[in-house]
Amino acid sequence: MLAELGQVTLVLALLLALLLAILPLWGSYNNNQQLQLLSRPLSYGVLGFIGLAFVLLTSAFISQDFSLQYVAQNSNSLLPVHYRISAVWGGHEGSLLLWCLVLAFWIAAVARFSNALPLQFLARVSAVLGMVAAAFLLFVLFTSNPFGRLLPMPVDGADLNPLLQDPGLIIHPPILYMGYVGMAVPFAFAIAALLGGRMETTWVRWCRPWTLSAWAFLTGGIALGSWWAYYELGWGGWWFWDPVENASFMPWLIGTALVHSLAVTEKRKVFQNWTLLLAITAFSLSLLGTFLVRSGALTSVHAFASDPTRGIFVLAMLGFFCGGALTLFALRAHTLKPESAIGLYSRETMLLLNNVFFAAATGMVLLGTLYPLLADALDLGKISVGPPYFGLLFTLLMVPVVLLIPLGPMTRWRQGDWSEIKAQARNMALAAAGLLLLLGLLLNPGGVRGWFGVAAGAWLMVGSGWYLLQHVRRQIGGLRRWQIGMAMAHFGVGVFVIGVSMVESGQIQKDLRMQVGDTATVGQHDYHFIASRNVQGPNYLAARGVFEVSRSGSDDIIAVMQPEKRRYAAGGSIMTDAAIDPGLTRDLYVALGEPLDDANPAQIWSVRIYTKPFVRWIWGGAILIVLGALLAASDRRYRKESVSVEQLARGRSAGATSSA
Amino acid sequence: MLKRLLPVMVFLALCVLLFAGLRMADDKDLIPSPLINKPAPAYNLPRLDADGMLGHADMLGQAYLLNVWASWCPGCRVEHEQITRIADSGVLPVIGLNYKDAEADAQRWLNHFGNPYSAIIVDLNGKTGIDFGVYGAPETFLIDADGVVRYKQVGILDQRTWETEMLPLIQSLPDQRQPQPAL
């Protein structure tokens, strides 16, 4: 009966979401304070009921209730408990419920932590979020009900896809959705601002911490996905330009542009229309991603069972939210204040350039992702765009960004001085050259690409340190959180760039035929294949190789690596579980291929051995970016009590030289 | 006003495209390809696994699967297990069409995951892929003894599709001769 209860709680959540979408908005136009005040309890109510539905579905998984179709498709009696919990979001229906739950968290958080917002504005923000929640709950109830029963009840379930039976996959979707769905918050702020008509830029200040946190989660979610692909797909790559990766990458790119353009709009009141457009686009791209993943229009390793009705539904949502928002934008944008002029060598220009490059990169990825559809629709023949297109163009677009990152925060608002920028840049370049020399000696990058990457990384790291030094000297009362956060994030980009270029230029990959007892030398390490044995896992049988690794010319064993080849009991699918010995300066990676001798299958294997220099820096950089963004989002200036417009205006002209 | 309407108009164009994409996704299920029950496009391509060429004409007289794959395609890596199972079952030969791939990468992929194919042909610039209407890897075509396309699978071929769709179709083919010694 619990499943039926889950069904009922979802319907109740939908009703509350509809009330949230209507009542506070109605109140905001009639000046009815009672109705506007309803936005808070209604928000909590939506969270409560969706949360309850989620708990009920989870309990069905834990108690192995195979009479639920969704449980039967995504679980199995042999599945360990922690994977039974993550299996809740292992398929389309449950992951959509998770999506709704995350949205409800954001809605409740906005309601709880927005005391500084004028009531009318909060009412409108909550109403827009209520509309989004209602749309997604309708989607769940009408096309993707996770509580559907299966008659007759099967004896056992079909099992969770083995690719998803992995710790990385337990946390990847929730974190990614926090970012993906979180883009609904700046969207709601932008719509509320447009509805308000009388456009002030105060909404931008309120919007910034939310946007930053959502963006931080999105960054973390994408990095986790890439980490998972690295060790679980058994292929050693960390980014594939797969349509579904692109689906999450596009909102990230636009989100990156948005967090920067919000800074300009808050500080200098320029680019207001542009910022609104970015906020609308970021969420629209989240919806577009949902469409791409769940409609079956594009094929991908991530694709859920495709169902065109779902596609139509998401397309309708996209039409309603994005189409409606852009129409509202066309109608209302002219009420914005006229833009003031910006100087050529100003921080505004720098941030504008950031926006141009990130918007162009988004357009490039969008075009590449949709190109197969476009070519097909226009009868240009059926073509798919491979990684070479993305890799080349993306690198080209990001080179100027990397060059400009350290200069941006150095440049003054309004009107900078070219000779001053030049002097600063020269000093930073000298310092970066020094660091490059040092890093070059330490890291020993192989090849031109490696050196360029390390140079770019040194430039970014020096730029972040330089910025902090300048401000420590200039400022009384120490650095602010947002300043440390920004420097940390930009430093993280440097770490990331070094990681990418080192691994791309210096990785060694060998595919070998190895018999038990053989020793292979790859890079600076010897791999001694000492044994091969069969192992029984909870729901799989595995062949496990045991390799002792030592530095060439030394007998000290630095790692024992045990790659596995697993056959899962239900469904019989085979998974490669690579063994990875992680390190700050290199990862060693051993994976078992195929048994090569049929007569003696356990003895002779094809073995793949990789040395991946500095691959951890890719995710290390991402972690720094996430922490930096969260630190900036937690800055005190966003937590001030309600600030009047006049105060803000005064503060703006006074602090115009120092802050972003 | 016109300038501000631009975003809406771009968005509407995008919606039309997405809707068309959805219709085509529908078609992928209903009428998988305009090639169904038509002769497969002629091809003659160099082999990856041996010297020489392999063409359309060499394959006449036996039914076979043509599996489009590439080392850059994560879906192919997922599908590899199923393709191996089909090839091992000996129901019919599986020909690999290595699609827009670097030879070294393709060889490494095969060494690592194993080579299930009876033969592999190389479509470096994707021209044969265009003739076949390939959306993207992986895709699998069932071609009968007369060289006629009988079935097309877009995306990963799973055990269920193999058992419920393709296998009955293969068994119903009128004149499935034994594989020729050429392979």
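This is a predicted model: local features need pLDDT of at least 70, side-chain atom pairs count only at pLDDT 80 or more; totals for chains, interfaces and linings use all residues.
What share of contacts in chain B between residues at least 6 apart in sequence join residues at least 24 apart? It's 76%, where a contact means two residues whose C-beta atoms, placed from the backbone, lie within 7 Å. Residues are numbered from 1 along each chain as its sequence is written, and chains are lettered from A and ligands numbered from 1 in the order in which they are written.

**Chain B at a glance**

- Chain B has five helices and seven strands; helices (H or I, at least four residues) and strands (E, at least two) are DSSP runs, numbered from the N terminus.
- Read from the N terminus, the elements of chain B go α-β-β-β-α-β-α-β-α-β-β-α.
- Of the 183 residues in chain B, 43% are buried, meaning that 20 or more other C-beta atoms lie within 10 Å of a residue's own, with C-beta atoms placed from the backbone.
- Chain B is assigned domain 1 (1–30) and domain 2 (35–172), and domain bounds here come from an automatic or database domain assignment.
- Between the C-alpha centres of those two domains of chain B there are 32 Å.

**Domains of chain A**

- Chain A splits into domain 1 (1–165), domain 2 (405–506) and domain 3 (508–614).
- Domain 1 and domain 3 of chain A have C-alpha centres 43 Å apart.
- Even so, eight residues of domain 1 of chain A are in contact with eight residues of domain 3 of chain A.
- On the domain 1 side of that contact in chain A, six residues are nonpolar, one is polar and one is charged. Here Ala, Val, Leu, Ile, Met, Phe, Trp, Tyr, Cys and Pro count as nonpolar, Asp, Glu, Lys and Arg as charged, and the others, Gly among them, as polar.

**How helices of chain A pack**

- Two packed helices are described by the angle between their axes and the distance between the axes. Axes are lines fitted to C-alpha atoms, for helices over the stretch in contact, and angles run from 0 to 180 degrees between N-to-C directions.
- Helix 1 (residues 2–30) and helix 3 (residues 39–62) of chain A meet at about 160°, their axes 8 Å apart. That makes helix 1 of chain A roughly antiparallel to helix 3 of chain A; angles under 35 degrees count as roughly parallel, over 145 as roughly antiparallel, 65 to 115 as roughly perpendicular and the rest as oblique.
- Helix 1 passes helix 3 of chain A in a left-handed crossing. A crossing is left-handed if the near helix is turned anticlockwise from the far one by less than a right angle, and right-handed if clockwise.
- The contact of helix 1 with helix 3 of chain A has 20 nonpolar, six polar and no charged residues.
- Helix 6 (residues 92–112) and helix 8 (residues 167–182) of chain A pack at about 55°, with axes 9 Å apart, so helix 6 of chain A is oblique to helix 8 of chain A.
- Helix 6 passes helix 8 of chain A in a right-handed crossing. Among the residues making this contact are A:Trp99 and A:Trp106 of helix 6 and A:Pro173 and A:Pro174 of helix 8.
- Helix 7 (residues 119–143) and helix 9 (residues 184–196) of chain A pack at about 125°, with axes 8 Å apart, and that makes helix 7 of chain A oblique to helix 9 of chain A.
- The contact of helix 7 with helix 9 of chain A has eleven nonpolar residues, one polar and one charged.

**Residues to look up**

- A:Val497 sits in helix 18 (residues 481–506) of chain A and counts as buried because it has 25 C-beta neighbours inside 10 Å.
- Leaving out residues up to four places away in sequence, A:Val497 touches A:Val402, A:Gly453, A:Ala456, A:Gly457 and A:Leu460.
- Most residues other than glycine have a negative phi. A:Phe271, though not a glycine, has a positive phi of about 55°.
- You'll find A:Phe271 in the loop between helix 11 (243–268) and helix 12 (272–295) of chain A, and A:Phe271 is buried, with 22 other C-beta atoms within 10 Å.
- A:Phe614 has a positive phi too, near 60°.
- The loop between strand 10 (604–613) and helix 19 (616–633) of chain A holds A:Phe614, which is buried with 27 other C-beta atoms within 10 Å.

Methods:
A residue is buried if 20 or more other C-beta atoms lie within 10 Å of its own, exposed if 12 or fewer, and partly exposed in between; C-beta atoms are placed from the backbone.
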